[in-house]
Amino acid sequence: MAIGKSVNRIDAIAKVTGRAEYTEDLYKPGMLVARYFRSSIAHGRVKNIDVEKAKVLEGVEAVFTFKDVPENKFATAGHPFSIDPDHQDVADRLLLTRDIRFMGDEIAIVVAQDEIIASKALQLIEISYDEYTPLILPEDILKKDARQIHKGSSNIVGEHQYSTRDLQVISGDVDDALEKADYVVEGNFETVMVQHCHLENHIAYAYMDDLDRIVIVSSTQIPHIVRRIVSEALNMPLSRVRVIKPFIGGGFGNKQDVVLEPMVAFLTLKLDGRAVQINLSREECMTGTRNRHPFHINVKTGVMKDGTMVARKMDAISITGGYASHGHAIAAAGGSKQSSLYPRMATKFHARTLYANIPVAGAMRAYGSPQVIYALECATEDAARKINMDSVEFRLKNIARQDDINLLSGKKILSCGLADCLLKGKAFMDWDKKKKEYEKCKSGPIRKGLGVACLSYTSGTYPVCVEIAGARISLNQDGTVHVMVGATEIGQGSDTIVAQMAAETLGLAYEHVRVVQTQDTDVSPFDTGAYASRQAYVVSNAVFRAAADLKKKILDHAGLMTGKKARDLNIINGKIVDTHTNAFLMDMKTLAIDSFYHKERGCQLTADVSHKTTTNAPVFGCTFVDITVDIPLCKIKINKIINVHDSGIILNPVQAGGQVHGGVFMGIGAALSEELMINPATGYIYNNNLLDYKFPTFMDLPQIHHDFVETFEPTSGYGNKSLGEPPVISPPPAIRNALLDATGVSINSLPISPHKLFTAFKKNGLMVSKGDADV
Amino acid sequence: MTTFREITFSINGRPRTLYIDMRKSLLEVLRQDLGLTGAKQGCGVGECGACSVLVDEVLVDSCIYLAIWADNKNIRTIEGEAKNGKLSRVQQAYVDEGAVQCGFCTPGFIMATTSFTQKCTGEKITEDEIRKSHAGNLCRCTGYQNILKAVEKSIHPDKE
């Protein structure tokens, strides 16, 4: 039995020996390289561009500008295609642009024999612009006479709202409920643009293997979606495009977008099928791909003296930057995925998504929830404090319980271990004792505090998007099996748990299951890819069915060989056993050889399942944190932090722990130090490199603790729910709440950097300077 | 215009003589001329450590180390660490502790740990020392938590 065991990753040996091949490792001799010519302004239009000098430089093969690309706008978001035209993504992108919408926008591209020549050629391009005032702040973007960043858009990509009254899940209007509440607590919360910083930058290359077909090799989370979008962008039949995804060095959502693939496909088409690669530099990757949407959120919470929250009203503005990419889907998802957390109060959520002249925002780990739940959990803390109730008690009174009805979907929550998560976290922190102890640490230069925050998330995108997964399992001649899935391994451990699932259902040893680790749209089953923490949940339903089907075929064949009834046989530890007599009948190899080579009976035993999941299990969790605040140094030190998750049955405890550690680490970065710094007047990016963009190093982190509350989710193949993204959500509000506990100061914007602490401490009289001259 | 020069070095214990473009970094020569693609480029300017290799047993970012500087030196890369079908102690610790996720930083990290453990095997090492000695290597997947465990296990292989 393989489920629930901490087996080693299926790809661990390949990775520790340096043999795992990533896109850049699959170098083709003679491959050309392409580099973008990017705008040096954030908003404007190209007046004139002269590429003649670049074209004649020795070693340059071609230069293309916005004049040379198809006038065919396409959408880049890595969503499944929607049959409903109202749900299709915004098509606002050309391969190259004359209209500049952020600093670094792509105007031209040089193809050369090597990187050095390409870089030289870029310097020979002459350009002049009509410059417009960059629109960066919401108030400027929404001004009536503001220039439209995309003509006809009014600078609004999308807007929506939902309320529990309209949905008729909970009676009563949110405004009435706020009116009737003992107290209404209001806050404004802000998050900033942060970047994924996957260690492998975006890279893709393409070539043609005949006169018709384009082969793209790309570091992508979504090979099947890339195939469709390239065909749309280049207006060619989908079957002419083949996408191969090798090992990928992290994605975190940034590779759930079609970024380089249409361009490399275009270039190989233009260059007679020669191989062309684009390998972004770190600096380009941080501004020219995608980032996380900054949000501005107003929250009103209605609370009764007894600690019951009765109303919540949220109004959010999300900034998507120069192009829509995932656009309004982020705000919509963030709004909907919080709906399981506190499902028993009148709720209204309204959001708008705006264009702005800053880098493009797209999908990033937890897709809107880090912004929405940050605001929600800060507001929840403020409500608890308003009535002087303990933060944990207050949450225990209001959080979702099993059998509650999700206020947005109207569906019953079938598994919910959040209360136990809170109790486990509370015990781990020794909450009550520490609370008392820290009462003495609320004055002076060094202060201490405790914070908590909860989260809810989902296990996929249904019913907004289709959830389809494919699995194919074949018996090998030596009695092992090969599994092919369309789901993509991006570092999260997907292939490993697929192997565990297949081993579990087939009755084989984990070591006897091989998973094909490259997705190739020519051969891999269809699956939309790695996002929304969907894979373990949605794929489980396909793998379970395929494995069960193959097991039946194996036992039927064993029946043919032995003359026994298949229903009296089973596979136990890779052996065919008669369940009546417990007699060992044969090993898998004997059966396999017979199925392949017996001249009259059998065949290659294979199962192939494509399955649509039409459920979506909510998941839950919480962060507890204990901090020390050094007021003169404006520094927060994390003494202890733990995330506790209800993600259903845990398939592989060590690998699951790794997902939690990585999420908490990203959450700590977003809470304390990470921000893509943008000049609000010019749109200039100050820190698009790994030295100045401060994501935590080994030295900046405490030990990260984790725990699980295992529930059984009946809608998935193995009782499991999602886990990849959720851990990133709750650390920032927990840290903010701990700071409030320690100092009484609310800082309602991220990151809580020393700079921000300094300003807040001065404003609140915690720091007294000898005069502004010292500042 | 380009100047080529002959250099001789030892790569994973085997001598090699190459005629190289002097502008190339050691990382480029390893990856492009020798086909040793285990070391990765994550930034190209010495910020991330994904390209870490050992030069005369000293840990360097090979992306900012000119290949000609490697003349007459001993280079160790990830490809030479597993021998006779067996992982090195450090590699095995990374596998066992779940310290690998996307794997892109892993070859560099393993070289950093290899360098560190050679200096301090059997010694009493604090968590802070481990963190400091690996601060030049960035990882975006693991929160460094299981890497910390793998390093501890590499130093004290018998401790469970």
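With a relative accessibility of 9%, N406(A) counts as buried, a class that covers residues under 20% relative accessible area, with exposed meaning over 50% and partly exposed in between (1.4 Å probe, protein chains only). The model is a predicted one, in which local features need pLDDT of at least 70, side-chain atom pairs count only at pLDDT 80 or more, and totals for chains, interfaces and linings use all residues. Residues are numbered from 1 along each chain as its sequence is written, chains are lettered from A and ligands numbered from 1 in the order in which they are written, and side-chain values use heavy atoms, leaving out hydrogens and water.

N406(A) belongs to the loop between α12 (391–398) and α13 (418–429) of chain A; helices (H or I, at least four residues) and strands (E, at least two) are DSSP runs, numbered from the N terminus. Its side chain makes a polar contact with the side chain of S339(A) at 3.1 Å. A polar contact is a pair of N or O atoms within 3.5 Å; within protein, one must be able to donate a hydrogen and the other to accept it, and residues adjacent in sequence count only if both atoms are side-chain atoms. A polar atom of the N406(A) side chain also lies 2.7 Å from the backbone nitrogen of L408(A).

Turning to the whole of chain A, an automatic or database domain assignment gives domain 1 (26–132 + 196–288), domain 2 (295–461 + 615–763) and domain 3 (468–612). The C-alpha centres of domains 1 and 2 of chain A are 35 Å apart. Contact, meaning heavy atoms within 4.5 Å, joins 28 residues of domain 1 of chain A to 29 residues of domain 2 of chain A. The size of an interface is often given as the accessible area lost when the parts come together. Here buried area is the accessible area (1.4 Å probe) that two parts lose on being put together, summed over both, and between these two domains of chain A it is about 2300 Å², with carbon and sulfur atoms giving 61%. Across this interface there are 15 residue pairs in polar contact (both at pLDDT 80 or more). On the domain 1 side, β4 (99–100) and α9 (282–288) of chain A each supply at least two residues, and α9(A) brings the largest share, 4 residues.

Chain B meets chain A through 49 of its own residues and 51 of chain A. The area buried between the two chains is about 4000 Å², of which 59% comes from carbon and sulfur atoms. Within chain B, Q101(B), R131(B) and R140(B) lose the most area to chain A, together 21% of what that side buries. The chains share 3 salt bridges, each a side-chain nitrogen of Lys or Arg within 4 Å of a carboxyl oxygen of Asp or Glu. R140(B) forms a salt bridge with E674(A), with the closest N and O atoms 2.8 Å apart.

Chain B itself is divided into domain 1 (4–79) and domain 2 (89–155). Their contact takes 16 residues from domain 1 of chain B and 13 from domain 2 of chain B, and the area buried between them is about 1200 Å², with carbon and sulfur atoms giving 61%.
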